[in-house]
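Here's a quick briefing to read with the model open beside you. Take it topic by topic and find each part as you go.

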Amino acid sequence: MNLFKIQDMWQKLIWPWRPESNREAGSGIVANFLLHWFPNRVSLRSLAFSASLYLGTITFIVFLVLTVTGVVLMFLYIPSVERAYWSIKDLDNTVSFGWLLRRLHRISAHLMVALVFLHMFRVFLTGSYKAGEIVRSARPFNWVLGVTLLVLTLLLSFTGYLLPWDQLAFWAITVGTNIAAAVPLVGEAIRQFLLGGTIIGQPTLIRFYVLHCALLPIVLFAVAAWHMWRIRKDGGLAIVEQDRKDALAREPVAPKKSKTYSVLGIASGTTVQVNDPTTLNEDNSVPSTPFLIVRILLITLLTVAVSIGLSLVVQAPLEAAANPEVTPNPAKAPWYFLGLQEMVGYSALMGGVIIPTIVILGLMLIPFLDREQKGIGFWFTDGPGRKWGIFGFLYGLVTTVGCLAIALLAPMRDIFPTIESQLFFDLVNPATFLLLLFAGMYFVVLKKTSSTRYAAIATFCAFIIAFVLLTYMGTALRGPNWDFYWPWQAWPTHPTAL
Amino acid sequence: MIKKIPQREILLVLIAAVALLAVGVAAIMYDTGPDWKYYQSEFRTIVAERVANADLATLPVGIQQIWVEKLDRVDRCTTCHLGMTWKGLEDVEQPWTTHPIPEIFDDHRLENFGCTVCHGGQGFALSEYDAHGFVEHWERPLLSDIAGSEYDPRNPPPLHEIQCNYCHRYERSTRGMPFINSAKEFVRTKGCKICHVINGDGGKLGPDLTSEGDKHAEGFDFSNLVSDQITVFNWHIKHFQSPPTIVPGSIMPEMNFQSHDAQALAMLVMSWRDDEDLPRAYLPGVELKDEMTPEEVERDLRMREGDGAFFVEHNCFVCHSIKAYDIKSPTDKGPDLSLAPDDVRARFNKTVEEFLFDPTGTMKIILESQIVLTDEEKWQAVEKIMKAYDIVKNRAAEAEAAAADGS
Amino acid sequence: MRAVASTDTVDNGVQVSSDSGLDQTRRGFLGRLTAAVAAIGALVAGWPLLRSLVPNVLYEPPKRFRIGNPESFQEGVTFLEEHRIFLFRESSSFHAISGICTHLGCTVKFSPFTLPQEETVRQFSYRALGEFHCPCHGSKFRGEGTNFSGPAPRPLTCFHLELSPATGELVVDTATDVPRDFRLVV
């Protein structure tokens, strides 16, 4: 009897479950929490690498890596201005695998920022923020959640940047929070609220620490869960719209309507299971278990292996301990803000406030401005879309390089030496030119093609290349005194004491 | 139909799993082979060969750390430099050798000073390269001959004297610091204080140099320094040799310093750092004592070295004054010892020596627990008390005689 | 992972897909091998997380420390608050008793007798100056450390004392226990 019980328990532990039929596989999923994560069946189009490049999945796995390493680091890090730098030095020198934890956390953080951008580019370029015509899904709303996650990720990275308490951290946060201070009227109040004072000190460190380790991760986790749950609610990746179209063509009936479920009013739509059996069948889909699970396992293992592999070769920098009396030259914000810092160099108001606001608002509004429903889930929608994408890319390349050239060769203050008004230079500068050039292109393409989608693709591609170029400019081409240096030019020798 | 998962997919997972295993193993190997393990095992061999009766089991194992809380310093140098305080390893090579000046530890105990406070370097670090601190973003590298030879390859200046003088700043001259001593002599003879505030006083014509050593490299103008060494030290050397070359328009006179002297002066000015956070115990020559008036000093000396010194030394004076020896008890809880023979006779019906060897009452407790005297000391006490008694009696007799004369 | 390994052969008995010429066992073996390697890989990659929490250096006061010149201590008992040690001096003989209660680690208080008494505890005769009382749970110890009342399971520890050859100061070694009759005579 006891032996049988042990055997039974062992069986439960090793879980040698072999469903005999599709029905049994399906009901097994309904009964098992772990298998509940994924839908019963998954469309082959969704599963394909080309549909999503699995960027969202990778981002979430990287976030999990960050959570795990972050929790361990919390045991080893001391958030005090006297000891923070010491504890990082100890991580690098005496804590077993401290170097690995720190490098892994840092490289994963940079990867996560890069990945959310790439994920957003993918979702935009495949038109995956569109609701679809057959079942009006809430994908536009999920895009907004995604933009929220982008902002949360940037905030997480930004708050974590201060914690090592070295010169790099201290001055990056000084520069970063001063960008926030450029907001008219409330800017200085925002900056002081972030800092917990007028300068960076112990109150700032503890604020950033709590935000970084507790508040922001919890919020991000909740929103990310919502984001992923919405994907299921909306029937899977946007490419499923094509399956729905095919199903409708085969069997032209509207999807079955059933009871309306809602979770605290968060859920919308008419049915809890959007993937009605008519859409996914034996031919165009496979059971999630094992297909999707094995795929996720593959992605997880690869992501973790690559992150650790990168940590073995990429060192985490640690400069001298933070010194409010000595500003390193150059003092730079974290890399993802260097595009902004470059523009703040032209005009604090335009580069620090107006453009970021327009970009964030513009991103959030994309699905509500572009309501065309063709080619959902396909890269660049279709042939002309690809053409307009290339056009936007080249246009962005030329205009951005042009504006950067103006900034370097003919600064506004040299062209208009007699004007003293700050407002004039806030309005007339390369950043404004770039903004106007992009807005102008949007309307020209819109008029020419009468397609919001094509206009959006062209503008977005121009935005991507502008972001990349500005970031590269701020990161690699700006040296001491924010002077311009070609990549092959050496910066002047940094003076030392001895 | 149920499709099977392609074998290719499983193979990919296998490859990914192998990759994870590989990077995991690589990370563990990277972490478990530090250089200091080699140095510690070599040290064991050296000790076994060189030092007779050495107990190898007590040799340090693992990361060694000197944490000097008062100086806010963590030094792990002794993880590899294991022989520093040993005797008999003088001719062994680095990092196992004895400190070249072992007497330095007599008044600079290793656990109170650590290593980097004098030698520079990155005490946190455990690999040779990082620990010696010739790395980016570490501003205080090891002040060895290697650092010095950047400036004078044949006769490298002993840069560690900069660190020595952080504490020894106010001393006129310090043993073992020839460069700083000669530079201090220049300061006295060349009249630096006519124009500059140095160590708190001087003229206002030039800049205040009290914390010149704290000035960060970013604060110097290197545009007129033609050299491979864009360093603060080199700036000072060249500036001492020819001030107007480095700072155009400078009115500081050229003193034609030899490079050796300019180096010494550069070291001296770089040693002038803000010492407010330095615990006073680390500053030599600063008296940690209450201030006393000359009269207090004199009385203190009389009590400690006069005829009654015995009673001060053994703390009898805490309760007992001794008029005869001019000793005043701060409490006067007990009777004056000059009158003890009468007093003891009256209260206990004993002689002084009988009482000291067989006390009763409070004195029994005190002489048994707080003031324990040897027999010899007790005889000494008796003798001195009797002498005091005689002095007081004589004085009284004299006074009586004087009074009688007067009347 | 086992689930993945075992369910990859989901078979409704109707049809076996033709993408594989391998038989069931080979396929199961590959799946199992993959699962095993992935599990070992996860363990190996997870080990650093745990190991990093075992410290290699401690920011603690040293176990051996100098407490000062023997002459600077008063006759009888001195409590060294910073080190939680009672130092006993009997003219030129010194010994040190830990002030940490052997029950749950509170600091015991020394409660002196009005007069020292000759005492014999467990065949050890000595001159007792008082006894130790623990404020937390009422443990009591004799003047040489032996527990006699309350929950304390063991006598208080006695520490090794020596003179520093360099400075002549007393050195306490809390890493070395000594019997209670240990005395350092200076």
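With 498 residues, chain A would have a radius of gyration near 23 Å if it were a compact globule, and its 26 Å agrees with that. That radius is taken over C-alpha atoms, and the globule rule is 2.2 Å times the number of residues to the power 0.38. Keep in mind that this is a predicted model: local features need pLDDT of at least 70, side-chain atom pairs count only at pLDDT 80 or more, and totals for chains, interfaces and linings use all residues. Residues are numbered from 1 along each chain as its sequence is written, while chains are lettered from A and ligands numbered from 1 in the order in which they are written.

**Chain A overall**
- Along its principal axes, the C-alpha trace of chain A spans about 80 × 70 × 45 Å.
- Chain A has 21 helices and two strands (DSSP runs: H or I over at least four residues for helices, E over at least two for strands, numbered from the N terminus).
- Of its 498 residues, 44% count as buried, meaning that 20 or more other C-beta atoms, placed from the backbone, lie within 10 Å of the residue's own.

**Two domains in chain A**
- Chain A splits into domain 1 (63-337) and domain 2 (345-490), with bounds from an automatic or database domain assignment.
- The C-alpha centres of these two domains of chain A lie 24 Å apart.
- In chain A, 28 residues of domain 1 are in contact with 29 residues of domain 2 (contact means C-beta atoms, placed from the backbone, within 7 Å).
- On the domain 1 side of that meeting place, H9(A) gives the largest share, five residues.

**Where chain B meets chain A**
- Here, 35 residues of chain B are in contact with 33 residues of chain A.
- H1(B) gives the most to chain B's side, with 13 residues.
- That side of chain B divides into 26 nonpolar, four polar and five charged residues. Ala, Val, Leu, Ile, Met, Phe, Trp, Tyr, Cys and Pro count as nonpolar, Asp, Glu, Lys and Arg as charged, and the others, Gly among them, as polar.

**A sheet in chain C**
- Four strands of chain C form an open antiparallel sheet in the order S5-S6-S7-S8; strands pair if DSSP finds at least two bridges between them.
- Strands S5 (109-121) and S8 (147-149) of chain C stand at the edges with a single partner strand each, so one side of each has no neighbour in the sheet.
- Strand S7 (residues 140-141) of chain C pairs with S8(C) over two bridges, and C:Lys140 stands opposite C:Ser149.

Note on methods:
A residue is buried if 20 or more other C-beta atoms lie within 10 Å of its own, exposed if 12 or fewer, and partly exposed in between; C-beta atoms are placed from the backbone. Two residues are in contact if their C-beta atoms, placed from the backbone, lie within 7 Å.
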